[in-house]
Every structure is written in structure tokens, then in C-alpha cells.
Amino acid sequence: MTSFEQIREELQKYQQDHILKFYGQLDENEREIFLKQLKTLRFKEVNELFKKAEESLTDDVEKVDARMQPIPAEQFGSEKNADKEELLTYRSVGLEEISKGHVAVLLLAGGQGTRLGVTYPKGMYSVGLPSGKTLFQIQAERIRKVIHLAKKETGKTGNIVWYIMTSGPTNATTTKYLEANNYFGLNQDDVKLFQQGLLPCFDFNGKILLEEKNSVALAPDGNGGIYRALSDNQILDDMERRGIKYVHVHSVDNILVKVADPVFIGYCVKKQAECGAKVVSKDGPNEAVGVVCKVDGKYQVVEYSEITEKTANLKDSSGNLVFRAGNICNHFFSTQFLQRIAKQYESELKLHVAKKKIPYINEDGEKIKPSSPNGIKIEKFVFDVFQFTDRFVTWEVPRISEFSALKNADSVMKDCPSTARRDLLRLHKSYIENAGGTVKDQVDVEISPLLSYGGENIEKKVKSKKFESTTILLSEEEAQQLCYVNSLSNGKA
């Protein structure tokens, strides 16, 4: 067992022993909590991380225009350009893999709803749909529906394991929420939560900051922390034991995400890809979104700040932006590739550094809330593994049907609850109109994910009908449950 003396010796070795300054003022319980935290930190690695981060801080943002190439045409698929038969083939391949239990979903859900103005995990947020469903519920129900579609297509009942990567601040709340809601109808054994890692926050001189007298200031290590977390939490072993071959990874905050999208999975499987990125076409050359491309012959995401305006405006012979493949944090990985990353390449991942206002304990033991950036947080990004494979593909999808981010409060009027709600209901309206129904202007009609995954199976409910008031189109299962609940409330059951 590691003693206080051993920890102090290690901290002195790496010039971080200042964090023990108030140790003598702590009671026995506070000391125990502090030592428990310190034992989890690898100080040699932490110092090395700061040195790497410091280098990236001193570098000016390098423009990479001359080294950039678009994704080769044979590795750039597009829903818009694919014919109907091709899309059906991809869908069938994807549903077949789902029916065999070869597909898992990995949800990146470590973020709190701070920018939304709430104190709970972002996945628990409701954007105000008629049903009141949260992001977690919508995504869980999409998983249930695609399992049903796979059974209908193949006759086999497969399952999709829902891996959810939380963080220290969101794990307990997320766990309680899912338990309280019976995992929204998913099998509890097929829902596995695990936590991403935490990294200390530093001042600009590389000294670790204290959040309290008995607590180091820590921050989640970014969505790129997934690779270490998969290994540290034995999730890769779990995938291997279950026979999972492919993983769909996406962030929690896209209300339009097609969870375990069989077309995307089928496309990647047909292409024998180890790694794939679903992308949307940038809405203009100056949209602040990363671009999936090649740099020095390797696949990566280039941030908009790394490209000059001239390159951002380049167009091809069809009039499309050359570098239009906007990254939306929606990825396909083979489990073999994930194993290789965890074993060989995780330590080589690029570090992304952000200057932040980090509350801290000063030398006099006072809690300071700075008004300007006083330190750095270090993150890794999920897409920085693209460089480690040649078997990489992209699949371009329409933004209107697949991407609407939820990041800000409504006051920002962009990527906020109002726009997410609008975009989902607008998509549902298009499904209804394609199936022969009409929706009156300014009327909200919501389609339950348990009724329809992507606009299918709604003709009987909408054809030749005009919706003139707020409506929720439910699956048969939901309709029966509603009848039962209503009968209970009326005292008839």
C-alpha cells in the first residue's frame, strides 16, 4: 500500500510537492480522500503530458494548406450520389451484422449541460418535444427499433450492446437516471457504463492546481480518452467475449443521429474499412467545423483555423467545395482496430490544449475564481486515430436528416434546444409528407423512434391525413401502454 511518505517522495521528484502544502491542516477523513486521489495519478506521465502540451501552446497555428488533399473518390461515399440499389445493399449488410450481434454502439456522454444552463448530464436534457423525451431516451429507442428492423429483414434476433462513456461528474447521475427508467426498454446486461479518464489542470508553469486543500483540480481527458478507457475498463475484453466486430461511436448531443445506422455500417463493412467517418457537407467555406481530409498522406481532421480562406474556398469541377467533409463526431471502428490503437498507438495521440479560467486554491489557502485564463486543460480527440490506418472511408449524409447539434442555451440561437427541436420536427414532417400525409404550418407532429427509424412504417398512420394540432405518432407497444395507464388513472383496470 502506498504511504504518504512514498507519495511525497514521488511529488518531490517531479517538482509537484507544492500540492501537499495544506496537508497538515486536514483532518483524518480529508487526508484519506486526498491520498486516495493522489494514488490514481501517474505523475511522471502527467509531467510529460505538460511538456508536450507546452510545445503546442508555444506553436503558432500552422496553416497546412500545401499539405492537404481531399479524401480519394473511391473512399468517399455519399448518400446523395448513391443509387437506390446501392443503399439497399448497404442497409441489408448492416442489418445482417446487427442480427448476428456483431454491432455495438459507443455513446460519448461525458459532458455536463453547463452551456445549456443545467447541472445534469447532457443526455438527460429534453429540448421540449411534445413527448418530453430526452436525448438518452430517443437514442435508446432508436437502438431498439434498429434491432427490430434487423429481425424483420433476417428473421434473427440480434442485440446491440450500448456502451456509454461517462466522466467523473456525470457517471453516478447517468447510472441512476437509466436505472430509474429501466434503460428505456433495453436489456440491462446490454447497457454498460464506463468512465473516461481525468487529467490534472496546470498553471502556465506546469504546476498542478489544487481545487480544494485536499483535492487536485481535474478535468476529463476529452473524447479521445475513449481509447485508454476502453482498455483500462476491460471494455475491449467485453467486446471480444461478446463477438462484437464493429462499433458505432457518436456524441450524445446530436438529436438527429441514426444510432447503429445500418447503411453506414454496411458501407464500411463492404469497403472493409477499419475506420470510418460520417460527414456533412460544410454549409459554406467559413463554417467553423473541422474537415476530414489527408495531410502528408495520412487521414485526419483539420480544424478550420488551420486552413487559409483561399483553400477553404477551393471548388471542384462540379462546383462543390474541395474540402467540404465536415466532421460531426460520428464514427465507425472495427474492434480489431480499437485493440491495435489501445495497445500500440494511444500514447502517440496528439494533445489539444485549451487555456481556461480554472478555480484554484492560492498559496494562502484561499479559493480563487479567476476572471481571465490562469491555466490549461489537456484533451485528446477521438478522431486523431484516423492517421493510423489506410483502410479509412467517409460517408457523406444530408445535414437536414442527420445532424443538429445541441451545445448552447437558446440565447445563442444556434446549436441550441430550439434549433434541435425545430430540426427533428421538420424531419418528421418530411417523413409524413413523403408517406402521403400533410402537416399544417406551425403544427408539431412527432414520430416515436419505436414506430419509425427513418421514415418507414408510417403510411397506415398518416396517408391522406391532415394534422392540424400537436400529435405524437406512437408505436403499437406505446399506444397499448398509454391505454393501460389511462385505464388505471380512470380506475378501470
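The protein exposes about 24000 Å² of surface, and carbon and sulfur atoms supply 45% of that area. The model behind these values is predicted. Charge is the next thing to look at. The protein carries 68 positive and 69 negative side chains. The centres of the two sets lie 4 Å apart.

Now the fold as a whole. The protein has 15 helices and 24 strands. Its radius of gyration is 24 Å, close to the 23 Å that the globule rule gives for 493 residues, so the protein is as compact as a globular protein of that length. Along the principal axes, the C-alpha atoms fill a box of roughly 75 × 70 × 45 Å.

Turn to the interior. Of the 493 residues, 52% are buried. Contacts tell a related story about the chain. Take those with a separation of 6 or more: 76% of them link residues 24 or more positions apart.

Strand 4 gives a local view. This strand spans residues 161-166 and is mostly covered, with six of its six residues buried. Why look at two sides? In a regular strand, side chains alternate between the two faces of the sheet. In strand 4, both faces are covered. Val161, Tyr163 and Met165 are buried on one side. Trp162, Ile164 and Thr166 are buried on the other.

Which way does strand 3 run beside strand 4, parallel or antiparallel? The two run parallel, and five bridges join them. Strand 3 covers residues 103-108.

How values were computed. Residues numbered from 1 in each chain as written. Predicted model: local features only at pLDDT ≥ 70, side-chain atom pairs only at ≥ 80, totals over all residues. Heavy atoms only, no water. Helix = DSSP H or I, 4+ residues; strand = E, 2+ residues; numbered from the N terminus. Rg over C-alpha atoms; globule rule 2.2 N^0.38 Å. Buried < 20%, exposed > 50% of the residue type's maximum accessible area, 1.4 Å probe, protein only. Contact = heavy atoms within 4.5 Å. Areas by Shrake-Rupley, 256 points an atom, 1.4 Å probe, with all protein chains shown as cover. Lys, Arg positive; Asp, Glu negative; His and termini not counted. Charge placed at Lys NZ, Arg CZ, Asp CG, Glu CD. Pairing = 2+ DSSP bridges.
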